[in-house]
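Subject: Structure for your review

Hello,

Please find the sequence and structure below.

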Amino acid sequence: MPRIKTKLLALAVLPAVVLPALAGCSDPGASAAAASPSPSTARNGVVYNTSPEQNRIRAQKDPAAAAAVPPAIGKDGKLTVATTAGSIPLSFHATDDKTPIGVEVDIAQLVADKLGLALDVQVTSWENWPLKTQSGDFEAVFSNVGINKDRVKLFDFSTYRAAYMGFEAKKSSTYNIKGADDISGLKVSVGSGTNQEKILLAWNKDLESRGKAPATLQYYSSDADTILALSSGRTDLNIAPYPSVSYRENTRNDLKVVGEVNAGWPSETLVAATTLKGNGLAPAITDALNSAIKDGSYGKVLARWGLSEEALPESKTVTEANFGSAQTGKTQ
């Protein structure tokens, strides 16, 4: 499902929907993981390496970016990064069921390389990363975190990927989800406390105000149960981060993507590395990301996981001070 690139190139860092500061925005753990992936080439041409031996794309140290790392953070020689390991191909456990891998981990590796630091990946739950980042347990979060006006009160951000949610359905379906009217009367599975749930609740409110049947939201206790319900017809749709639904479309024979919506609906947002507000690390990460964009390693990582359409031409540091200011043409 191709993006409208002209729109993306004009995207400003705009306010997202109003969310509680610690609520899920683009929680990858709220999406359902696919069945055990096959080593064969997927329909998008990607061979997904899900083994512990990743042979990651690496980058050379950028002296200027490394010099910008606050001494208190760089003194141990490590960049301690949190990820939720909840969804292919974002971050998930390899076939050994213990090694965190995925595009988020790969991008974190590029940043650590550019900063001249060893990468220390810590798997945590979506609910725990905010408090543990505030406490200093984590120095950065790479886990499909979207920027919103509540989060900028607590954290600083370095943008690195477009942020979309995808609707998926059985391959035999004829759904084409573009807005509230298209989910009227349908059963839709969604993760509780996530941005995608807030989108659906807003759409249901709109439907009810116009006398139309709202969607029935359904919640499941596990990722496997969510996809089983969808594939068996007990739900009509599932909404999850776009990279995850795209992955399933390309690696399964029974599901397809039937719509997408920006994760910041009704505004737009971006996925960003998340750091403690005011500690000075975000500008260094932004410099590292831009260095990786410039040398091509960033593009290779996204292509490796089939996410080239999510690429940004430039990383930006987003703080409470500049959040919402127009930066047209600078960021996708």
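Predicted model: local features only at pLDDT ≥ 70, side-chain atom pairs only at ≥ 80, totals over all residues.

Nonpolar cores
The largest nonpolar core is made up of 62 residues. Inside this core, Phe-142 and Phe-167 have the most contacts. Helix H4, residues 103-115, supplies the largest share of the core, with seven residues. Another core lies apart from the largest one and has 13 residues; Ala-82, Trp-126, Phe-138 and Val-141 are among them.

Helix H4
How many of the residues of H4 are buried? The count is 13 of 13, so with buried meaning under 20% relative accessible area, H4 is mostly covered. From its first C-alpha to its last, H4 reaches 18 Å, close to the 18 Å expected for the helix at 1.5 Å a residue. The residue that follows H4 is Gly-116, and its phi is positive, near 70°.

Cavities
Two cavities of 30 Å³ or more were counted. The second largest cavity has a volume of about 30 Å³. Which residues line the second largest cavity? The lining consists of Asn-44, Tyr-48, Pro-89, Pro-243, Ser-246, Tyr-247, Asn-250, Trp-305, Gly-306 and Leu-307. By type, six of these lining residues are nonpolar and four are polar, while no charged residue takes part.

Regards

Definitions and conventions:
Residues numbered from 1 in each chain as written. Heavy atoms only, no water. Core = buried A, V, L, I, M, F, W, Y, C linked by side-chain atoms within 4.5 Å. Buried < 20%, exposed > 50% of the residue type's maximum accessible area, 1.4 Å probe, protein only. Helix = DSSP H or I, 4+ residues; strand = E, 2+ residues; numbered from the N terminus. Expected span 1.5 Å × (residues − 1). 1 Å grid on protein atoms, 1.4 Å probe; cavity = no way out; pocket = protein on both sides within 12 Å on 5 of 7 lines; lining within 4 Å. Points joined across faces, edges and corners; volume = space filled by probe spheres on them. Nonpolar A, V, L, I, M, F, W, Y, C, P; charged D, E, K, R; others polar.
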